[in-house]
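The stops below are meant to be selected in the order given.

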Amino acid sequence: QRLAQADPSNAVWQRDLSVSQERVGNVLRGQGDLAAALVAYRESLQVSQRLAQADPSNAGWQRDLSFTLTVLAQTLEGRGDRTEALRLAQESLTIDERLATLDRSNAVWQRDLRASLALVARLRD
């Protein structure tokens with residue numbers, strides 16, 4: 001956090017902060033503290049959104065944003081907030097569709113797309 005705050009223009013440090021917050025969220029979620037996990041995931045999301053908006057052509061930043069949206073949606077689903085979870089899952093799906101279309105041979109992006117489609121379908125049921 002100190003590094004990211006010291007140099008907000010350093011994209012590597014910003015991404016590191018986002019990943020760290022996401023990992024904290026994963027631990028908290030694993031411990032069953034969904035409220036605290038959501039706080040960490042939302043902090044991660046803010047950074048991911050800034051990076052993705054700053055460089056829309058950076059597929060890595062876009063994928064990071066999609067991944068964070070998915071984790072947040074899954075956590076909200078676990079708390080019973082299916083409406084907000086669906087909204088975030090659909091946002092993630094939009095990104096995954098765009099990436100999967102850019103490179104149909106990228107197995108990771110194709111897998112991400114299938115996972116997003118499955119999450120959206122589950123949340124719509």
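Select helices α2 and α3 first: their crossing is left-handed, a term used when the near helix is turned anticlockwise from the far one by less than a right angle, clockwise being right-handed. The model is predicted, so local features need pLDDT of at least 70 and side-chain atom pairs count only at pLDDT 80 or more, whereas totals for chains, interfaces and linings use all residues. Residues are numbered from 1 along each chain as its sequence is written, and side-chain values use heavy atoms, with hydrogens and water left out.

Helix α2 spans residues 11–30 and helix α3 residues 34–54; helices are DSSP runs (H or I, at least four residues), numbered from the N terminus. The two pack at an angle of about 160 degrees, with their axes 8 Å apart. Axes here are lines fitted to C-alpha atoms over the stretch in contact, and angles run from 0 to 180 degrees between N-to-C directions. Helices α2 and α3 are therefore roughly antiparallel, the word for angles over 145 degrees, while those under 35 count as roughly parallel, 65 to 115 as roughly perpendicular and the rest as oblique.

Next, display the side chains in this contact (heavy atoms within 4.5 Å). By class, the contact of α2 with α3 has 11 nonpolar, 7 polar and 5 charged residues. Ala, Val, Leu, Ile, Met, Phe, Trp, Tyr, Cys and Pro count as nonpolar, Asp, Glu, Lys and Arg as charged, and the others, Gly among them, as polar.

Now centre on A40, which is in helix α3. A40 is buried at 5% relative accessible area, where buried means under 20%, exposed over 50% and partly exposed in between (1.4 Å probe, protein chains only). Leaving aside residues up to four places away in sequence, A40 touches Q21, V24 and G25. From A40, draw a C-alpha to C-alpha distance to T75: the two are 35 residues apart in sequence and 11 Å apart in space.

Is T68 buried or exposed? T68 is buried, with a relative accessible area of 2%. Its side chain makes a polar contact with the side chain of E22 at 3.0 Å, and another of 3.5 Å joins the side chains of T68 and S48. A polar contact is a pair of N or O atoms within 3.5 Å; within protein, one must be able to donate a hydrogen and the other to accept it, and residues adjacent in sequence count only if both atoms are side-chain atoms. Beyond residues up to four places away in sequence, T68 touches E22, Y41, S44, L45 and S48.

The crossing of α2 and α4 is left-handed. Here A11, R15, E22, N26 and R29 in α2 meet W61, D64, F67, T68, V71, Q74 and T75 in α4. That contact has 4 nonpolar, 4 polar and 4 charged residues.

Finally, move to N106, in the loop between α5 (82–102) and α6 (107–124). N106 counts as buried at 19% relative accessibility, and its side chain reaches the backbone nitrogen of W109 at 3.0 Å.
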